[in-house]
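Subject: Structure handover

Hello,

Here is the structure I said I would pass on. My notes on it follow below.

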Amino acid sequence: MLSHLTPSPSTAFHRRLRPIPPHPTSKFSKFHPKTPSFPTNVSMESPTGLSVDSITDELKKQSLSEDKVVKLKLEDLNWDHSFVRELPGDPLTDVIPRQVFHACYSKVSSSVQVKNPQLVAWSESVAQILDLDSKEFERPDFTLIFSGASALAGGLSYAQCYGGHQFGRWAGQLGDGRAITVGEVVNSKSQRWELQLKGAGKTPYSRFADGLAVLRSSIREFLCSEAMYSLGIPTTRALSLVTTGEYVRRDMFYDGNPKDEPGAVVCRVAQSFLRFGSFQIHASRGEEDLEIVKTLADYTIKHHFPHIESINKSESLSFSTGQENDSAVDLTSNIYTAWAVEVAERTASLIASWQGVGFTHGVMNTDNMSVLGLTIDYGPFGFLDAFDPSFTPNTTDLPGRRYCFSNQPDVGLWNIAQFISTLSFADLINENEADYALERYATKFMDDYQAVMTKKLGLPKYSKELISKLLNNMAVDKVDYTNFFRLLSNVKADLTTPDEELLVPLKPVLLDIGQERKEAWTSWVKTYIEELSGSGVPDEDRKVLMNSVNPKYILRNYLCQSAIDMAEQGDFEEVRRLLKVIERPYDEQPGMEIYAHLPPAWANRPGVSMLSCSS
Ligand SMILES: Nc1ncnc2c1ncn2[C@@H]1O[C@H](COP(=O)(O)OP(=O)(O)OP(=O)(O)O)[C@@H](O)[C@H]1O
């Protein structure tokens, strides 16, 4: 990540935003960090009539493979190049770093150098969504094609132009500096999937950098994409990971000690890689490019939100912000409002699901926010081990902890406010509509977060007090986030359990706690059992439900590191084994318990538990 660039001068496009306070999750409902002109007291149902849950379910279903019968060779993929056909492009095709105006992409080819590239791992389920025959991974030219050294027949490669706010400041043009899309494939279910090679060489957006990626960061991106998918969290996917056989120089700790590391390329797959910053860049360039914001919005709605295009306009739905002099707004008369609301809701839903599994993204810049509501860009991410709301996995984020675990809901709101401002600035939505979309973010986040936490505890209904007390206890005693919830399902809803036995099921995670803390936990478990006992759900059934939302296996940073250490020595077995484990995070997987262990002492150091953006 190249976030240390000097931000470009501000323009009318950049509104002043309130800074983000620390640890806002608990006060999220009262807190509205957005542009001052946006009132907040609106609450309405989704104007599209489609719930985000149903859309998310649909996204998940699209990736399911049970009824797959088509097995294609790479040459037989059905290509469609709508992005290039329908959107304005850069007339130049060189890779000289430059500002690319009035264009959504630049046509470029991979320039990566390879020497005996090797296939490290590949995802069977991603191959299936592309209808790709698994035998294709054995082809002698597979690694050449998926490192970018040989062109993929039928593809049409390009790099996208986008901008973004990095750490709260406008960074100007960023763009795909090392990711090259090789084209869009339409599968046998008429779903469109973009294939992108990350680390495939320079583009006009590479600025002063090399366009390459190293093996350690590529392993992390490959594994975490697939881990998130298996956890049920919307994400970009990863088809394959290949080494280039060449070395890439990186200063991992930015301390003036660069070293040569093995290079690698991940083939990422998503229905779209469009980000908030893909829209921001054009609005930031003034009047002349505002039309591109609309063109890109129309393109996105047509291909990725088609249900919005067909909103039944006869079923008018209006709302009022409740502000003085405010007129009611008919949401169905403006597809851009419906779209903005859906992007806001998907983002809220995504972040609620991150909070549920303890995922901390680490670099929630607006260029890393997908308009489809996918997790995108696996840089210095980390799953919580010992519960710490201020945990940030990003060493660059240490002074302010802007992107720490508990700030994510508010950063999501800050980011969506930038996206909504962009649409307002391009006159696609008015102020009331912008307001409404932001309010939907807040409401949707709270609804989903409460639902997630209620399910994690197996409660019959949300209990703010019980959950707040629990998180407080967990923070005080540094309890492992994943293992605690997994073990919690062993607590029996039996009001007659003697006090001294109440903590028995939680013993493996309540380590080294003194008498006073034991009492605090005993008191909490008693209240918990009281809440459970009213539900009438048998213990065994509740356990099954809780285990279906509380993973046993998550991709802890130290597990990644062990796989990286072996892979850097040329042994890819641990990457493959880990992939298999994280593909079934909610299953017990007898024999694999070691992958659910807490981080060992060696892992508590920068480079393992925390990472820089150097990748
Ligand atoms: N080695 C590199 N060469 C060229 N550009 C780079 C390099 N590393 C990062 N960038 C660019 O810096 C910007 C921000 O970096 P960030 O780490 O968010 O991106 P990334 O991990 O490369 O990409 P993505 O967001 O596509 O996963 C992006 O424009 C990215 O393309």
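What percentage of the 615 residues of the protein chain count as buried? The figure is 51%. Please keep in mind that this is a predicted model.

Overall make-up: the protein chain contains 17 helices and 14 strands. Taking contacts between residues at least 6 apart in sequence, 75% join residues that are at least 24 apart.

Core: the largest nonpolar core has 158 residues. Within this core, the residues that touch the most other members are I219, L223 and A340. Helix α9, residues 335-357, supplies the largest share of the core, with 14 residues. If residues up to four places away in sequence are left out, A340 touches I420, L423, I429 and A437.

Strand β10: this strand spans residues 259-270 and is mostly covered, with 10 of its 12 residues buried. Which strands does β10 pair with in the antiparallel sense? One of them is β8 (residues 192-198), joined to β10 by five bridges. Strand β9 (residues 237-250) also runs antiparallel to β10, and that pairing extends over 10 bridges.

L195 has V269 in β10 as its bridge partner.

Regards

Technical notes:
Residues are numbered from 1 along each chain as its sequence is written. This is a predicted model: local features need pLDDT of at least 70, side-chain atom pairs count only at pLDDT 80 or more; totals for chains, interfaces and linings use all residues. A nonpolar core is a set of buried Ala, Val, Leu, Ile, Met, Phe, Trp, Tyr and Cys residues joined through C-beta atoms within 7 Å. A residue is buried if 20 or more other C-beta atoms lie within 10 Å of its own, exposed if 12 or fewer, and partly exposed in between; C-beta atoms are placed from the backbone. Helices (H or I, at least four residues) and strands (E, at least two) are DSSP runs, numbered from the N terminus. Two residues are in contact if their C-beta atoms, placed from the backbone, lie within 7 Å. Two strands pair if DSSP finds at least two bridges between them.
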